[in-house]
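Please view the sequence and the structure before reading on.

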Amino acid sequence: MCGIWALFGSDECLSVQCLSAMKIAHRGPDAFRFENVNGFINCCFGFHRLAVVDQLYGMQPIRVKKFPYLWLCYNGEIYNFKQLQKQFGFEYQTLVDGEVILHLYNRGGIEQTASMLDGVFAFILLDTANRKVFLARDTYGVRPLFKVLTDDGFLGVCSEAKGLINLKHSTSLCSKVEPFLPGHYEVLDLKPSGKVASVELVKFHSYKDEPLHAACDTVETLPSGSFDLETVKSNIRILFENAVRKRLMAHRRIGCLLSGGLDSSLVAAVLLKLMKEINVSYPLQTFAIGMENSPDLLAARKVAAHIGSEHHEVIFNSEEGIQAIEEVIFSLETYDITTVRASIGMYLVSKYIRKKTDSVVIFSGEGSDELTQGYIYFHKAPSPDEAAEESERLLKELYLFDVLRADRTTAAHGLELRVPFLDHRFTSYYLSLPAELRIPKNGIEKYLLRQSFEDSNLLPKEILWRPKEAFSDGIASVKKSWFSILQDYIDQQVDDLLLEKAAEKYPFNPPKTKESYYYRQIFEKHYPGRSNWLPHYWMPRWVKATDPSARTLKHYKSATQE
């Protein structure tokens with residue numbers, strides 16, 4: 001995990017502009033480099049490094065003797081760089097996994113490069129010989145990327161929007177800062193003046209398609225075409241275990257977030273099993289956060305005892321959570337209600353990990369709810385096909401919600417997040433299964449995933465079959481949920497009259513509750529006029545919901561009252 005930043009065609013002094021690059025210093029606390037591009041005095045790269053692999057030669061932009069005209073700034077991990085080296089006979093000059101991007105590009109161009117990368121990434125690749133700039137981002141947008149491109153060809157690119165919003169430019173304000181779309185690459189022409197012109201934006205991978213890099217994966221070809229239940233369950237186990245295994249690549253200590261829910265518990269259990277198999281020299285640290293006696297803390301304790309991890313509990317009170325709201329919204333760059341709520345716990349646990357431990361590479365369970373239909377409202381889906389469509393919509397928008405939350409809350413404290421549920425092969429296989437197999441069954445969501453691990457003894461049965469608990473709810477007590485605590489506090493902060501006039505003040509995504517008004521106020525304070533970064537609020541479907549919390553839904557209430 002790093003912070004990348006680059007400018008092309010700047011009219012302003014680069015030494016002034018580079019102050020904007022310091023806005024993302026948290027993403028790479030180990031080192032910083034600012035480098036001008038030879039022959040283009042108004043083009044430069046900025047890089048904040050979190051050293052996870054190759055401590056000696058890992059600084060960026062990456063340049064190698066073989067390709068002196070290529071400059072690469074990337075944030076991510078490429079899990080198949082060794083397999084690609086073997087397949088194509090690449091001669092690496094460093095131990096940095098991202099070096100493979102240079103070799104792939106030299107061999108087959110940008111489309112093959114983006115399609116063959118098994119991992120998470122956002123990168124800026126400059127080819128001065130052919131005067132091209134390339135931008136690319138992984139399928140689900142696990143690694144963030146923002147850009148601004150003015151009418152006269154000034155381009156700014158950064159891991160987070162906050163590194164672009166204060167850039168200076170002679171002809172216009174850099175107002176159109178926008179997220180770069182996941183699963184796409186863009187080709188831009190670089191003019192002698194250093195300015196750029198966009199040539200094409202191409203979608204290189206759809207999450208339903210088996211990725212091109214599957215051909216050189218470590219897992220052999222799976223039995224296909226058969227949807228026999230035992231075969232399906234076996235394939236799910238094989239691919240999920242492989243997803244965790246490939247993510248063990250690190251020279252820094254590995255830890256795991258553990259809420260005690262199905263997703264993080266499965267990740268932690270498989271992770272610890274594989275770490276033992278390869279004789280990792282330290283125990284796995286797991287981290288849970290919650291208020292005193294919250295459901296998550298109790299469940300996580302049970303899982304940690306079962307798998308034998310070195311478990312840490314972070315207990316916070318309502319005052320600490322409320323005090324963190326503003327810094328969380330600043331880190332997130334969003335005002336989405338459920339994202340802010342869920343981020344507070346994740347932000348505080350990440351802060352603890354950074355200060356109190358030496359774990360840096362952090363595994364987590366993001367992506368499972370979207371992929372395996374884990375949200376409570378999936379019980380109300382009119383048909384399996386509509387449930388499948390909703391699952392795909394959620395995956396497409398992950399970069400606006402859960403993946404955004406997971407990246408920013410961990411990156412704010414210099415940690416690197418790894419999310420095995422969003423492995424390309426695992427997700428494409430799961431989405432290839434018949435829609436009827438993937439829906440909730442017997443009143444239980446994620447039924448197929450739970451069933452697949454039922455005989456593995458990885459988890460206690462009561463955890464494997466524990467009902468869905470939203471992260472923002474599970475960290476509080478059953479008596480009073482976290483969203484109720486937030487609403488009680490905010491009710492005193494926002495006047496009724498302000499809410500009545502909310503649509504006049506904020507015509508785009510107007511706040512409907514005092515809580516959403518409060519978050520919006522804070523967002524506008526830091527990012528005025530940027531509300532279009534969030535196209536819409538996250539809300540459940542097929543139910544008359546006025547709040548995104550699972551605890552407001554009928555199914556949740558009936559399940560907890562039984």
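## Ser-364

Ser-364 sits in the loop that joins strand 15 (359-363) to helix 10 (368-371); helices (H or I, at least four residues) and strands (E, at least two) are DSSP runs, numbered from the N terminus. The model is predicted: local features need pLDDT of at least 70, side-chain atom pairs count only at pLDDT 80 or more, and totals for chains, interfaces and linings use all residues. Residues are numbered from 1 along each chain as its sequence is written, and side-chain values use heavy atoms, with hydrogens and water left out.

Ser-364 has a relative accessible area of 5%, so Ser-364 is buried (under 20% relative accessible area; exposed is over 50%, partly exposed in between; 1.4 Å probe, protein chains only). Leaving aside neighbours within four places in sequence, its contacts (heavy atoms within 4.5 Å) include Leu-257, Val-267 and Met-346.

## Gly-365

The loop between strand 15 and helix 10 also holds Gly-365. Gly-365 is buried, at 12% relative accessibility. Not counting residues up to four places away in sequence, Gly-365 touches Asp-263, Ser-264, Val-267 and Phe-421.

## Annotation

An unreviewed UniProt entry gives the annotation "binding site" to Leu-257, Ile-289, Ser-364 and Gly-365. UniProt positions are given in the numbering used here, feature names are shortened, and annotations may be inferred rather than shown by experiment.

## Cysteines

How many disulfides does a search of the whole structure find? The search finds 0, a disulfide being a pair of cysteine sulfur atoms within 2.5 Å. For Cys-158, the nearest cysteine sulfur is that of Cys-73, 10 Å away. Cys-158 is buried, with a relative accessible area of 0%. Cys-256 is buried at 0% relative accessibility.
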